[in-house]
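Work through the exercises below with the sequence and the structure at hand. Each task is followed by a solution in steps.

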Amino acid sequence: MRFKRYILVIIERTKLCKFFIPFLALFCCITLLLVYLFYNPKPKIKEAASQTLSYVAIIFEDAGMDEEEVQKLLSINVPFDIAIIPFLPFSNKISLASYEKGKEVILHLSMEPEDQDTIWLCPRSIMNSTPDDEIEKIFKDALANVAYSKGLSIHLGTLVCKNERIVKKLSAIAKENNLFIVDSTFSSESLFAKIGKQMGLQVVIPDIVLDSRNELKPIQDKFNLLFNIAKKKGFAVAIGHLGTDGGITTIEAFKQTIQKAEKENIKFVFVSEILKFQKENIK
């Protein structure tokens, strides 16, 4: 009460009483204006929502020999495919672990290359002279070894992919087992796409190989190129390799590019999902 009386005395003595109410109103108006100008947040433009979502599938090939390397890959929590060579020490174990981690498994079947360099051929490879009955046995045993396979891809195979007899046989078995085919030979003479189309089989031809002999920067540049391809056509498929051709370096580049992909509206998906987009484009 004393404080209120003191204020009234000051107002009366300074003869500001008749100006007090207008002054208070003006002060409030100025305060509200300043609050509006400096503290009113502007609505953010949702740039990401206006951009078109693009899709990318990554296939990591040559799994089966190094279990520790694969465990590092499987720790990455985005969709990708892992192509496993059958009949190697950890082929079956890796296929089961990949399935449990929610990854898509591809049977990576070893086949004879054109350059006759057999150093990278794996156990029970399909050679250019392998008879049909043996091809069928190898294929079926491989499917049992690499559990939960959704597709077939070719390890090496630049010679076999030109052999119409073998391509037809492999395509027929793939169709019987509801498998798609990834033609990872990158050969212009490969018959897989042509024969697959004739048989009503879905065939994927990858757009790019990511590896660069364990150099991180070139692999990051390849990812940028991959994203640009996806933005142009809506989707893209890339191959990375485990082991000496890429391995830990490619895995590290993949980890680093995930955040960049989100910013650029790139979504990682399985190859089986890319097939849906590919089918829609053909219609």
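Contact means heavy atoms within 4.5 Å. In the protein, residues 24 or more positions apart account for 74% of the contacts with a separation of 6 or more. The model is predicted, so local features need pLDDT of at least 70 and side-chain atom pairs count only at pLDDT 80 or more, while totals for chains, interfaces and linings use all residues. Residues are numbered from 1 along each chain as its sequence is written, and side-chain values use heavy atoms, with hydrogens and water left out.

**Exercise 1. The whole protein**

Task: State how many helices and strands the protein has, and what percentage of its residues is buried.

Solution. Step 1: Helices (H or I, at least four residues) and strands (E, at least two) are DSSP runs, numbered from the N terminus. The secondary structure comes to 11 helices and 9 strands.
Step 1: Buried means under 20% relative accessible area, exposed over 50%, and partly exposed in between (1.4 Å probe, protein chains only). Buried residues make up 43% of the 283 residues.

**Exercise 2. Helices α9 and α10**

Task: Describe how the axes of α9 and α10 are placed, and list the residues that meet.

Solution. Step 1: Two packed helices are described by the angle between their axes and the distance between the axes. Axes are lines fitted to C-alpha atoms, for helices over the stretch in contact, and angles run from 0 to 180 degrees between N-to-C directions.
Step 1: The axes of α9 (residues 216–233) and α10 (residues 247–263) come within 9 Å and cross at roughly 45 degrees.
Step 2: Angles under 35 degrees count as roughly parallel, over 145 as roughly antiparallel, 65 to 115 as roughly perpendicular and the rest as oblique. α9 and α10 are therefore oblique to each other.
Step 3: From α9, the residues Leu216, Ile219, Gln220, Phe223, Asn224 and Phe227 take part; they meet Thr249, Thr250, Glu252, Ala253, Phe254, Gln256, Thr257, Lys260 and Ala261 of α10.
Step 4: Sorted by class, the contact of α9 with α10 has 7 nonpolar, 6 polar and 2 charged residues. Here Ala, Val, Leu, Ile, Met, Phe, Trp, Tyr, Cys and Pro count as nonpolar, Asp, Glu, Lys and Arg as charged, and the others, Gly among them, as polar.
Step 5: Threonine 249 is buried, with a relative accessible area of 17%. Not counting residues up to four places away in sequence, threonine 249 touches Asn214, Glu215, Leu216 and Ile219.

**Exercise 3. Helices α4 and α10**

Task: Are α4 and α10 roughly parallel or roughly antiparallel to each other?

Solution. Step 1: α4 and α10 pack at an angle of about 5 degrees, and their axes are 10 Å apart.
Step 1: α4 and α10 are therefore roughly parallel to each other.
Step 2: Glu69, Lys72 and Leu73 in α4 meet Gly247, Ile248, Ile251 and Lys255 in α10. This contact of α4 with α10 has 3 nonpolar, 1 polar and 3 charged residues.

**Exercise 4. Aromatic pairs**

Task: Find the geometry of the ring pair of phenylalanine 60 and phenylalanine 80, then that of phenylalanine 80 and phenylalanine 254.

Solution. Step 1: Rings of Phe, Tyr and Trp (its six-membered ring) pair if their centres lie within 6.5 Å; planes under 30 degrees apart count as stacked, over 60 as edge-to-face and the rest as tilted. A search of the whole structure finds 10 aromatic pairs.
Step 1: The ring centres of phenylalanine 60 and phenylalanine 80 are 5.7 Å apart and the planes are at 80 degrees, so the pair is edge-to-face. Phenylalanine 60 is in strand β1 (residues 54–63) and phenylalanine 80 in the loop between α4 (67–74) and β2 (81–84), 20 residues apart. Both phenylalanine 60 and phenylalanine 80 are buried.
Step 2: Phenylalanine 80 and phenylalanine 254 form an edge-to-face pair, with 5.9 Å centre to centre and 85 degrees between the planes. Phenylalanine 254 lies in helix α10, so the pair ties together parts that are 174 residues apart in sequence.
Step 3: Ring pairs link Phe60, Phe80, Phe223, Phe227, Phe254 and Phe268 into a cluster.

**Exercise 5. Positive phi**

Task: Which phi value does asparagine 265 have, and where is the residue found?

Solution. Step 1: Most residues other than glycine have a negative phi.
Step 1: Phi of asparagine 265 is near 60 degrees, a positive value. Asparagine 265 is found in the loop between α10 and β9 (266–268).
Step 2: At 11% relative accessibility, asparagine 265 counts as buried.
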